[in-house]
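Biologist: Could you take me through this two-chain model, one packing arrangement at a time?

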Amino acid sequence: METGMDKAIITVVGKDTVGIIARVCTYLADNGVNVLDISQTIVSGYFNMMMIVDMSAAAKPFADISAEMDELGVVIGVSIKCQREEIFQKMHRI
Amino acid sequence: MINIWEVNETNEMIEKENLDVRTITLGISLLDCIDSDLERLNDRIYEKITTIAKDLTAVGSDIEKNYCIPIVNKRISVTPIALIGAAACKTPEDFVSIAQTLDRAAKQTGVNFIGGYSALVSKGMTTADENLIRSIPKALAATEYVCSSVNVGSTKAGINMDAVRLMGEIIKETAEQTKEKDSFGCAKLVVFCNAPDDNPFMAGAFHGVTEADAIINVGVSGPGVVKTALTKVRGESFEVLCETIKKTAFKITRVGQLVAKEASAKLGIPFGIIDLSLAPTPAIGDSVADILHEIGVEHAGAPGTTAALALLNDQVKKGGIMASSYVGGLSGAFIPVSEDQGMINAVEAGALTLEKLEAMTCVCSVGLDMIAVPGKTKASTISGLIADEMAIGMINQKTTAVRLIPVIGKDVGESVEFGGLLGHAPIMPVNSFSCDSFINRKGRIPAPVHSFKN
């Protein structure tokens with residue numbers, strides 16, 4: 001893993017609508033979170049996006065960003081989840 | 001780099017398949033609290049527990065938020081109280097005061113349970129051991145969070161049949177003293193053979209004397225994840241079946257390992273072990289019996305169940321051991337009745353009997369667990385059931401346990417509701433033939449031969 005990074009995974013799941021990515025990215029930009037990678041797919045008709053982000057320069061603690069993203073999800077009408085990357089690394093990599 | 005499919009797989013396990021970390025258990029040694037003055041002893045115990053564990057629940061919630069994974073229980077285990085109270089407690093009543101101190105400390109720290117109201121008497125009982133054992137009914141009736149266990153046998157020492165006889169009476173007495181709550185006290189009392197020192201699961205957790213001052217042990221779970229994985233390999237060979245269980249167990253355990261390391265770092269307390277047990281809950285889709293069904297038996301208890309369980313237990317270990325640097329505790333599939341909806345269904349369908357459960361305990365952890373029996377069951381019969389289970393553990397060099405609930409005032413055909421993680425249980429029939437003459441013999445069963453293994 002790259003040094004100095006504080007990686008987290010943001011997942012957005014829900015009914016597709018205009019401006020989901022824009023609003024999520026605006027929030028991240030406003031809070032100093034750098035997007036490293038985005039992948040997106042449609043699973044059983046649902047919008048499904050995953051972002052890998054670097055939070056090392058984030059303006060707020062992880063817990064606050066996570067809680068605010070959760071609220072943003074409620075506003076947009078999708079489910080937004082913010083998790084530290086290690087859980088996926090540990091589970092899927094030896 | 002992690003891809004979207006892997007992320008979705010993990011999150012589906014958490015959201016749809018009940019993947020969680022079942023418990024972070026903080027083991028605390030109370031050896032340095034020992035004092036011959038009871039009041040001072042109680043003060044020291046309270047002080048030590050509430051100091052070391054003060055951040056436990058907060059750290060647990062913090063980790064939950066970081067990874068969006070539920071950590072269902074935060075618990076504390078302490079050094080067996082029979083040792084800690086030996087110098088100060090002259091009567092069973094004195095020991096009850098320590099139980100109340102543990103209860104207060106549990107409330108203060110916000111944990112779900114505190115374990116270690118225990119005595120280790122596999123070869124003999126000291127006066128303190130016996131006083132503690134005799135205090136158990138009152139201690140469990142007078143407290144909310146305290147869990148008790150008694151180790152009455154081991155492969156090295158044999159079985160202390162005097163303790164087995166006494167525990168039959170104590171279980172009955174505990175049932176009696178908590179009869180307003182469907183004899184709930186018995187759900188917090190376990191009798192062990194070969195009890196591990198680092199078990200994070202209740203009701204049998206205690207902090208062994210060979211452990212460090214404080215240690216973090218973590219119990220993982222995830223029967224629902226294994227079950228879901230197996231639905232994708234229906235009809236495939238045993239090789240594919242075993243491979244699937246192993247890989248799934250690996251993934252589940254890695255999450256436990258991550259949580260354990262993180263909790264250890266945040267609390268500044270060393271990491272002890274991961275317990276690989278598949279621990280079911282009454283929630284739909286979180287059942288070990290459902291895995292057995294998926295492997296191919298109509299209900300848990302049908303012919304083939306013991307083999308299916310042996311296979312499951314072994315593959316979970318093989319996958320789990322690869323995933324964690326330190327494995328310990330009970331580490332095996334749990335087959336409690338009341339805590340597993342699939343087991344309850346099997347009992348209600350007439351597929352699963354006490355005798356079949358006993359056979360199943362030969363190949364998995366832990367034993368006759370959370371089984372409700374008629375309240376009129378004789379103390380000697382309960383002792384007989386304990387002795388059988390202890391013998392399985394002693395001969396097979398494994399941990400076995402008994403957590404029976406003789407529900408006072410209820411009989412076969414009725415059921416009992418404990419609520420929450422403890423679930424509900426149909427009252428199961430017990431073989432009514434007598435073992436009085438066997439149980440009434442004094443002394444102990446000698447340690448077994450460690451060779452000639454047939």
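Biologist: How do the axes of helix α2 and helix α5 of chain B cross?

Modeller: Helix α2 (residues 38-52) and helix α5 (residues 92-109) of chain B have axes that come within 9 Å and cross at roughly 25 degrees; axes are lines fitted to C-alpha atoms, for helices over the stretch in contact, and angles run from 0 to 180 degrees between N-to-C directions. Helices (H or I, at least four residues) and strands (E, at least two) are DSSP runs, numbered from the N terminus. Angles under 35 degrees count as roughly parallel, over 145 as roughly antiparallel, 65 to 115 as roughly perpendicular and the rest as oblique, and the crossing angle therefore makes α2(B) and α5(B) roughly parallel.

Biologist: Before we go on, what kind of model is this?

Modeller: Residues are numbered from 1 along each chain as its sequence is written, while chains are lettered from A and ligands numbered from 1 in the order in which they are written. Local features need pLDDT of at least 70, side-chain atom pairs count only at pLDDT 80 or more, and totals for chains, interfaces and linings use all residues, since the model is predicted.

Biologist: Which residues of α2(B) meet α5(B)?

Modeller: Contact here requires that the C-beta atoms of two residues, placed from the backbone, lie within 7 Å. On the α5(B) side the residues include Asp94(B), Ile98(B) and Arg104(B). Those of α2(B) are Leu38(B), Asn42(B), Ile45(B), Tyr46(B), Ile49(B) and Thr50(B).

Biologist: In what order do the four strands of the open sheet of chain A lie?

Modeller: Two strands pair if DSSP finds at least two bridges between them, and the pairing in this sheet is antiparallel. β2 and β4 of chain A each have a single partner strand and stand at the edges, so one side of each is left without a neighbour in the sheet. The order is β2-β3-β1-β4.

Biologist: Which residue of β4(A) is the bridge partner of Ile10(A)?

Modeller: β1(A) and β4(A) run antiparallel and are joined by seven bridges. Within β4(A), the partner of Ile10(A) is Cys82(A).

Biologist: What angle does helix α1 of chain B make with β1(A)?

Modeller: Helix α1 (residues 20-30) of chain A lies across β1, β2, β3 and β4 of chain A, at about 20 degrees to β3(A). Helix α1 (residues 4-16) of chain B also packs on the sheet, touching β1, β2, β3 and β4 of chain A, and its direction makes with that of β1(A) an angle of about 75 degrees.

Biologist: Which element gives the largest share of the side of chain A that touches chain B?

Modeller: The contact takes 21 residues from chain A and 18 residues from chain B. The largest share on the chain A side, seven residues, comes from α3(A).
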